[in-house]
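Let's walk through this one together, a question at a time. Have a look at the sequence and the 3D view first.

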Amino acid sequence: MFKNLFKKIDSVFGIQEESDIGPEEKFFFDVVGYSDIKKLFMKSIVSKEPVHILLTGPPASSKTVFLLEMAEELNDAYYLDSVGASGPGMVGHLFENDTKYLLVDEIDKMKKNDQAALLNVMETGILSETKLKGKTRQKKMKLWIFAASNEATRLIPPLRSRFMELHLEEYSFDEFIEITSRLLKKRYHLERIITERIGYSVWNKMKSKDIRDVIKIAKLTRSLSDVDWLVDVQMKYGRRKDP
Ligand SMILES: Nc1ncnc2c1ncn2[C@@H]1O[C@H](COP(=O)(O)OP(=O)(O)O)[C@@H](O)[C@H]1O
Ligand SMILES: [Mg+2]
């Protein structure tokens with residue numbers, strides 16, 4: 001079930017105290033915070049019967065990161081982004097491969113007939129597809145569905161009701177700074193004084209709550225003065241954020 005978990009634990013945590021780090025922290029290494037949600041996902045992953053989970057929340061709240069971590073770490077996982085995905089794509093894939101964990105990003109943008117196919121699998125454990133000339137093919141499957149979307153209101157109600165729905169709130173300023181700092185230290189090995197300055201400037205000067213803006217600046221930052229300069233240039237020429 002878990003592809004690389006133990007390898008990753010050894011390589012990443014080999015020299016650290018392991019006692020206070022649960023397996024979910026190692027599994028979802030790229031997600032900062034949300035330890036309870038990580039734990040819940042782990043419970044569902046190892047559960048005998050599928051429990052489907054839907055993450056909702058504003059842009060840049062780590063929904064996609066959650067799904068991609070699972071795509072990378074789990075065997076028999078299939079990740080798809082519903083934007084631009086075509087119907088036969090998903091259903092066809094499920095027919096032709098043994099998928100246990102279906103990871104659906106932007107599920108609210110999934111076509112209604114795909115949503116109906118998923119609903120059917122959740123209901124009956126049977127995937128079915130009616131082809132031209134009324135021919136039907138069917139496949140029995142036990143499928144866990146982990147999905148994400150900014151809004152859940154566009155899902156057909158019976159599908160929505162079959163998910164355990166978890167809503168991620170927009171980050172507070174303190175959370176924003178904390179996530180920024182931990183993420184930038186881990187990814188770009190930047191010092192706390194620099195990461196805090198980036199977080200502070202993006203939030204207060206650029207009026208953005210998007211961690212992606214933080215990452216763009218961090219990639220070009222070598223020193224504290226780089227931060228101010230990069231933010232100034234962004235302020236001068238960048239796209240204005242809505243207040
Ligand atoms: N809690 C977090 N832990 C790690 N990265 C985060 C977190 N929140 C936001 N990010 C970063 O913000 C960016 C957007 O996250 P993403 O998962 O794509 O957001 P969305 O919720 O829109 O799918 C990514 O680069 C991601 O690394
Ligand atoms: Mg996303």
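Q: Is K207 buried or exposed?
A: Before we start, this is a predicted model, where local features need pLDDT of at least 70, side-chain atom pairs count only at pLDDT 80 or more, and totals for chains, interfaces and linings use all residues. Residues are numbered from 1 along each chain as written, chains are lettered from A and ligands numbered from 1 in the order written, and side-chain values use heavy atoms, leaving out hydrogens and water. Now for the cut-offs: buried means under 20% relative accessible area, exposed over 50%, and partly exposed in between (1.4 Å probe, protein chains only). K207 has a relative accessible area of 55%, so the word for K207 is exposed.

Q: In which loop does K207 lie?
A: Helices (H or I, at least four residues) and strands (E, at least two) are DSSP runs, numbered from the N terminus. K207 isn't a glycine, yet its phi is positive, near 55°. Its place is the loop between α9 and α10.

Q: Is D76 buried, partly exposed or exposed?
A: D76 sits in the loop between α4 and β2 (77–81). Its phi is positive, about 55°, although D76 is not a glycine. Its relative accessibility is 44%, so D76 counts as partly exposed.

Q: Which backbone nitrogen does the side chain of Q115 reach?
A: Q115 lies in helix α6 (residues 112–124), and at 0% relative accessibility it counts as buried. Contact means heavy atoms within 4.5 Å, and leaving out residues up to four places away in sequence, Q115 touches I107, D108, M110, R154, L155, I156 and L159. At 2.9 Å, its side chain reaches the backbone nitrogen of I156.

Q: What covers the buried residues of α10?
A: The buried residues of this helix are I211, D213, V214, I215, I217 and A218. Take I211: at 8% relative accessibility it counts as buried, and it touches A60, Y171, F176, I179, T180 and L183, not counting residues up to four places away in sequence. The cover over the buried residues of α10 includes α8, α9 (192–205) and α11 (224–237).

Q: How far apart are the C-alpha atoms of I211 and T180?
A: Along the chain, I211 and T180 are 31 residues apart. I211 is found in helix α10.

Q: How much of ligand 1 does the protein bury?
A: Start with polar contacts (pairs of N or O atoms within 3.5 Å): an oxygen atom of ligand 1 is 2.7 Å from a polar backbone atom of A60, and an oxygen atom of ligand 1 is 2.7 Å from an N or O atom in the side chain of T64. Accessible areas come from the Shrake-Rupley method with a 1.4 Å probe; for residues, only the protein chains shown count as cover. Taken alone, ligand 1 exposes 560 Å², and the share of that buried by the protein is 91%.

Q: Between which domains does ligand 1 lie?
A: A residue is near ligand 1 if one of its heavy atoms lies within 4 Å, and 19 residues surround ligand 1, the closest being V32, A60, K63, T64 and Y171. Domain bounds come from an automatic or database domain assignment. Both domains give residues to this shell, so ligand 1 lies between domain 1 (5–167) and domain 2 (173–237).

Terms used:
A polar contact is a pair of N or O atoms within 3.5 Å; within protein, one must be able to donate a hydrogen and the other to accept it, and residues adjacent in sequence count only if both atoms are side-chain atoms.
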